[in-house]
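Biologist: May we go through this model together, one question at a time?

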Amino acid sequence: MNLAQKTFKIADVHAHVFPEKLAVKAAGSIGAFYGTEMYCEASMEKLLEEEGKAGVSRYVISSSAVTPKQVPHILEFLSQARLGHPECIAFGSIYPGMDGFEDVLDELQSLGLRGLKIHPDFQKLPIDDESCIETYRSIARRGLPVLMHMGDDRYDYSSPERLTNLIRQVPDLIVIAAHFGGWNAWDRSLAHP
């Protein structure tokens with residue numbers, strides 16, 4: 001049996017999607033932030049197409065709020081984007097420490113979102129900033145997992161040391177540490193065997 005005939009169960013737990021009107025611009029902005037070329041738009045339609053080609057059968061879709069003002073729009077978009085896609089779980093976003101975070105978390109859960117995506121480097125907010133701790137404690141009490149973008153060595157917002165400090169303060173927080181050693185660690189390891 002060749003790979004094309006084999007049925008795999010593969011999950012992508014870090015799939016970014018944006019509304020159609022923002023999908024091209026968002027992909028370009030993310031590419032510019034990381035200094036890499038993005039080869040397609042970041043829409044739900046394109047995600048399903050590309051993931052299907054790759055044999056991915058389950059997804060966690062997310063988007064990261066860069067400001068508190070974006071949070072309600074992201075929650076609404078993601079709650080709608082997942083509809084009709086039982087293979088898809090949506091993680092909302094929050095700006096840790098924002099006013100009204102308890103209400104935001106209530107809304108997130110009422111919309112059926114199953115966790116959160118936080119991107120400290122986009123938000124320019126250290127993971128362990130004192131202003132964020134109560135937000136993380138509330139997230140932990142609710143048992144929601146947090147997909148946390150980690151380890152961009154250009155900044156000091158998402159270092160493993162900061163995550164360690166956060167976990168010491170909020171030991172019940174469930175964290176999925178994406179790119180834990182740094183999003184570009186793979187490239188560095190290939191360059192320096």
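Biologist: In which sense do β4 and β5 pair, parallel or antiparallel?

Modeller: Strands are DSSP runs (E, at least two residues) and helices are runs of H or I of at least four, numbered from the N terminus. Two strands pair if DSSP finds at least two bridges between them. β4 and β5 have two bridges, and their sense is parallel.

Biologist: What should I know about the source of these values?

Modeller: This is a predicted model, in which local features need pLDDT of at least 70 and side-chain atom pairs pLDDT 80 or more, while totals for chains, interfaces and linings use all residues. Residues are numbered from 1 along each chain, and side-chain values use heavy atoms, without hydrogens and water.

Biologist: Which strands stand at the edges of the sheet?

Modeller: Four strands form an open, parallel sheet in the order β4-β5-β6-β7. Two of them have a single partner strand each, so one side of each is left without a neighbour in the sheet. These are β4 (92-93) and β7 (174-178).

Biologist: Against which elements do the buried residues of α6 pack?

Modeller: The buried residues of α6 include I133, Y136 and I139. Contact means heavy atoms within 4.5 Å, and Y136 touches I118, M148 and L166, among others. The packing partners of α6 are α4, β5, β6 and α7.

Definitions and conventions. Buried < 20%, exposed > 50% of the residue type's maximum accessible area, 1.4 Å probe, protein only. Lists of a residue's contacts leave out its neighbours within four places in sequence.
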